[in-house]
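Reader: I'm new to this one and would like to go through its terms slowly. Could you show it to me, and then I'll ask about the wording?

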Amino acid sequence: SSYDFREAGGNAIHEIAFTIAIRNEILREMKRRGVDTNTAVARLSPVLGADRDLFEEVAKLRAARRIWARTMKEQWGATDPQAICLRFHVDVSGYNFTRQQPLVNIARGTLGTLAAVLGGAMGIQNPSYDEAWCVPTEEAVRVAIRSQQVIRYESGVARVADPLAGSYYMEWLTSKLEEEILEMVQKIEDMGGWMVALES
């Protein structure tokens, strides 16, 4: 899970660059074993995180989708739309939740969920507001679910794919993150790939 990179102190660039580098490592191994690239990648569905910075999180997910699609076509020769499309789940970051004023965590979870929707997530997990200190209570779980349902059914944001496309700031930020992510992926590839980088 790429989400663990954020939990371990990584940033948005680390999270997506590591996800792409891991994908590359998996595809190299599958190719070595004679598995068709389209078949291998169609089964990949990374779990990404959503943090507090709404615009950065949306831009990060948009950049990830762009990089995935382009590199699958150009670098790996994928032809199946299922292989070219980045299908991902988002876990909203619970590590931002605090013990103090726990009901404010509802707003934090809602922002992360909104970022995941705007970024194109296929599935979202929103933590309960009391996860900072206990196993979630039934009430807290219900509030987390209802927060997601309000976004899905009442906000209108799910009616359109990529609703922030065309915003000068969103397009600039997406391109900036994409460039920085690709630089980090290249650094990992130059080291010999994900496994070599991880071992060192």
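Reader: What makes H2 and H4 count as being in contact?

Author: Contact means heavy atoms within 4.5 Å, and Ala 12, Glu 15, Ile 16, Ile 20, Arg 23 and Leu 27 of H2 meet residues of H4, among them Glu 56, Lys 60, Ala 64 and Trp 68. This is a predicted model, where local features need pLDDT of at least 70 and side-chain atom pairs count only at pLDDT 80 or more, while totals for chains, interfaces and linings use all residues. Residues are numbered from 1 along each chain as its sequence is written, and side-chain values use heavy atoms, with hydrogens and water left out.

Reader: Why is H2 called roughly parallel to H4?

Author: The two axes, which are lines fitted to C-alpha atoms over the stretch in contact, with angles from 0 to 180 degrees between N-to-C directions, cross at roughly 25° and come within 10 Å. Angles under 35 degrees count as roughly parallel, over 145 as roughly antiparallel, 65 to 115 as roughly perpendicular and the rest as oblique, so H2 is roughly parallel to H4.

Reader: And what are H2 and H8 to each other?

Author: Their axes come within 8 Å and cross at roughly 45°, and therefore H2 and H8 are oblique to each other. Among the residues making that contact are Ile 13, Phe 18 and Arg 28 of H2, with Leu 177, Met 184 and Glu 189 of H8.

Reader: Which classes of residue make up the contact of H2 with H8?

Author: There are 11 nonpolar, 2 polar and 3 charged residues. Ala, Val, Leu, Ile, Met, Phe, Trp, Tyr, Cys and Pro count as nonpolar, Asp, Glu, Lys and Arg as charged, and the others, Gly among them, as polar.

Reader: How many cavities are there, and what makes something a cavity?

Author: There is 1 cavity of 30 Å³ or more. On a 1 Å grid over the protein atoms alone, a cavity is a set of points where a 1.4 Å probe fits but cannot get out, whereas a pocket is an open set with protein on both sides within 12 Å along at least five of seven lines. Lining residues have an atom within 4 Å of a point. The largest cavity holds about 50 Å³ of space, and its lining includes Phe 97, Asn 126 and Tyr 129. By class, that lining has 7 nonpolar, 5 polar and no charged residues.

Reader: How much space lies in the largest pocket?

Author: About 370 Å³, a volume being the space filled by probe spheres set on the points. H7 gives the largest share of the pocket's lining, 5 residues.

Technical notes:
Helix = DSSP H or I, 4+ residues; strand = E, 2+ residues; numbered from the N terminus.
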